[in-house]
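Open the model in your viewer and get ready to select residues. We will go stop by stop.

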Amino acid sequence: MKPNFNEMTLKELRTYVLAHQDDNEAFYTYMDRSKQEGTWVKMPPLQSMDDLDNYPEFLETISKDGEQ
């Protein structure tokens, strides 16, 4: 039985998504909630992984998200 994603905090939902990477419903719920709660980070598409060096604010944001 799946948990109720709407009752989970964003952190709990993130943890669930990382542990159940094949659960598309959980992933889409997490993405929707991230966007609604203002944790969504916009940046142009990367041409390579080296492009991440051009977006230190993005790296900082995702690092903080993992610590919470």
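Select Phe 5 and Tyr 16: are they buried or exposed? Both are buried (buried means under 20% relative accessible area, exposed over 50%, partly exposed in between, with a 1.4 Å probe and protein chains only).

Before moving on, note that this is a predicted model: local features need pLDDT of at least 70, side-chain atom pairs count only at pLDDT 80 or more, and totals for chains, interfaces and linings use all residues. Residues are numbered from 1 along each chain as its sequence is written, and side-chain values use heavy atoms, without hydrogens and water.

Now show the rings. Rings of Phe, Tyr and Trp (its six-membered ring) pair if their centres lie within 6.5 Å; planes under 30 degrees apart are stacked, over 60 edge-to-face, the rest tilted. That rule gives two aromatic pairs. The ring centres of Phe 5 and Tyr 16 are 5.3 Å apart and their planes stand at 55 degrees, so this pair is tilted.

Next, select Phe 27 and Tyr 28. Their pair is edge-to-face, with 5.4 Å between centres and 65 degrees between planes. Phe 27 is partly exposed at 35% relative accessibility. Tyr 28 is exposed, at 51%.

Colour helix H2, residues 24–36 (helices are DSSP runs of H or I, at least four residues, numbered from the N terminus). Ala 26, Thr 29, Tyr 30, Arg 33 and Ser 34 are buried in H2. On the other side of H2, Tyr 28, Asp 32, Lys 35 and Gln 36 are exposed.

Gly 38 has a positive phi of about 80 degrees.

Note on methods. Helices (H or I, at least four residues) and strands (E, at least two) are DSSP runs, numbered from the N terminus. The expected span of a helix is 1.5 Å times one less than its number of residues.
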